[in-house]
Amino acid sequence: MRTRPASGGPWRITFVTNPDDCNLGCAMCECGVGAPSWGERDRRSAPRRLDPAAVLAVLDERRGSPLREVIPSTMGEPLLWAGLDALVDRCAAQGLRLNLTTNGTWPGRGPAEWAERLFPVASDVKVSWNGATPGVAAELMSGLDLARAVADLRVLLARRDALAARTGIRSTVSFQVTAQEGNVAELGAIVRLAAALGVDRLKINQIQVRFPSLAQRSLRRNRLAVARWNHAVREMEAAAEEARTPDGRKVELRNAVELPHDPAARLPPGECPFVGVEAWVLVDGRFAPCPNPAAVRGELGAFGSLADRTLGQFWEGEELGALAAGYEEHPVCRECPFRRPGGA
């Protein structure tokens with residue numbers, strides 16, 4: 001069991017760069033043009049954006065540390081952030097890998113140019129993908145054209161493979177799926193589509209009920225919903241066994257784990273994969289120990305910000321040390337879905 005933060009600092013930092021910028025409108029997200037149910041959300045007069053200079057300063061301060069990977073915003077569309085080019089260049093200069101999640105529309109440059117920009121430094125490019133048919137894909141990611149998304153992804157993957165053949169550098173490409181009532185019947189088909197395209201893996205996350213309107217989308221809400229999820233897990237596993245990528249690989253599944261039949265029951269929690277291992281810099285400059293929304297709300301403690309300390313000082317601070325030593329008994333951590341048994 002971990003009792004203190006890893007020596008020397010985090011191996012990965014996530015910067016919440018631009019959570020309010022997106023060119024799509026998805027019901028499960030807090031941002032995006034045309035996003036529904038704005039009455040449940042905090043409509044902001046100006047989008048929040050992290051200063052690119054602050055991000056680069058953190059990377060400079062971390063030179064010589066165990067840091068090896070950087071993630072720009074996993075909320076919003078990071079390809080719209082004005083600081084992304086500078087971040088890519090700094091990662092290349094410092095030998096860091098970029099782990100990026102995008103909505104698959106490739107704004108501004110298109111898939112070919114983005115591929116040439118990202119893949120020389122990327123460890124993984126995750127594409128949000130929530131349907132195997134046009135109707136479901138568009139319903140869950142408002143504004144998405146599935147046929148165009150597939151065509152663009154073919155271009156991206158071809159450029160990735162060409163770069164790998166030329167340089168030996170090969171980033172993985174993943175589908176990031178938000179499992180919910182609207183797409184549970186298509187999860188197996190999404191695995192088959194991923195295999196046909198040459199996508200390396202599916203990372204499946206259960207929908208987070210951030211707003212009351214999302215409660216009926218959750219696959220944890222009652223026994224019937226849990227049963228549909230568990231059936232989908234078996235379908236995904238079968239699809240991964242039967243459908244292989246063009247070069248014969250099996251698509252990797254992450255988080256495809258059956259749930260207890262009783263929604264009130266919980267899988268036994270595993271070790272936290274984040275506290276004392278990775279670090280977050282929120283869009284307002286505050287430090288956070290993990291991606292749990294409770295951490296953003298300050299329910300895990302106050303850890304300071306870029307305004308009053310360096311990331312190294314945050315990492316060595318009493319607040320993070322106390323959380324790392326006692327997170328297993330913290331009420332938020334006891335119920336945290338990120339603590340998957342056996343790292344599943």
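A disulfide is a pair of cysteine sulfur atoms within 2.5 Å. By that rule, the structure I am showing holds 0 disulfides. Cys22 is buried at 17%, and Cys91 is buried at 1%.

Some ground rules. This is a predicted model, in which local features need pLDDT of at least 70 and side-chain atom pairs count only at pLDDT 80 or more, while totals for chains, interfaces and linings use all residues. Residues are numbered from 1 along each chain as its sequence is written, and side-chain values use heavy atoms, with hydrogens and water left out.

Now the sheet. Helices (H or I, at least four residues) and strands (E, at least two) are DSSP runs, numbered from the N terminus. Two strands pair if DSSP finds at least two bridges between them. On that basis 9 strands form an open sheet with mixed pairing, in the order β7-β6-β5-β4-β3-β2-β1-β8-β9. At the edges stand β7 and β9, the latter at residues 287–288; each has a single partner strand, so one side of each is left without a neighbour in the sheet.

Opposite Ser174 in β5 stands Lys126. Helix α6, residues 187–197, lies across β5, β6 (201–206) and β7, and runs at about 170° to β5. Axes are lines fitted to C-alpha atoms, for helices over the stretch in contact, and angles run from 0 to 180 degrees between N-to-C directions.

Which residues other than glycine have a positive phi? Trp106 has one, at about 55°. Trp106 sits in the loop between β3 (97–102) and α3 (110–118), and it is buried at 3% relative accessibility. Asn255 also has a positive phi, near 70°. Its place is the loop between β7 (252–254) and β8 (278–281), and at 13% relative accessibility Asn255 is buried.

On to the aromatic rings. Rings of Phe, Tyr and Trp (its six-membered ring) pair if their centres lie within 6.5 Å; planes under 30 degrees apart count as stacked, over 60 as edge-to-face and the rest as tilted. How many aromatic pairs does this rule give? The count is 6. One of them joins Phe274 and Phe338, with centres 5.7 Å apart and planes at 85°, so this pair is edge-to-face. The two are 64 residues apart and link distant parts of the chain: Phe274 is in the loop between β7 and β8, Phe338 in the segment after α11 (331–334). Phe274 is buried at 13%, and Phe338 is buried at 19%.

Phe303 and Phe314 have ring centres 6.0 Å apart and planes at 85°, so they are edge-to-face. Phe303 lies in the loop between α8 (293–296) and α9 (311–316), and Phe314 in helix α9, so the pair ties together parts 11 residues apart in sequence. Phe303 is buried at 5%, and Phe314 is buried at 1%.

Last, a charge sits over a ring if NZ of Lys or CZ of Arg is within 6 Å of the ring centre and within 35 degrees of the ring normal. Arg109 lies over the face of Trp114, at 4.6 Å from the ring centre.

Key. Buried means under 20% relative accessible area, exposed over 50%, partly exposed in between (1.4 Å probe, protein chains only). Contact means heavy atoms within 4.5 Å.
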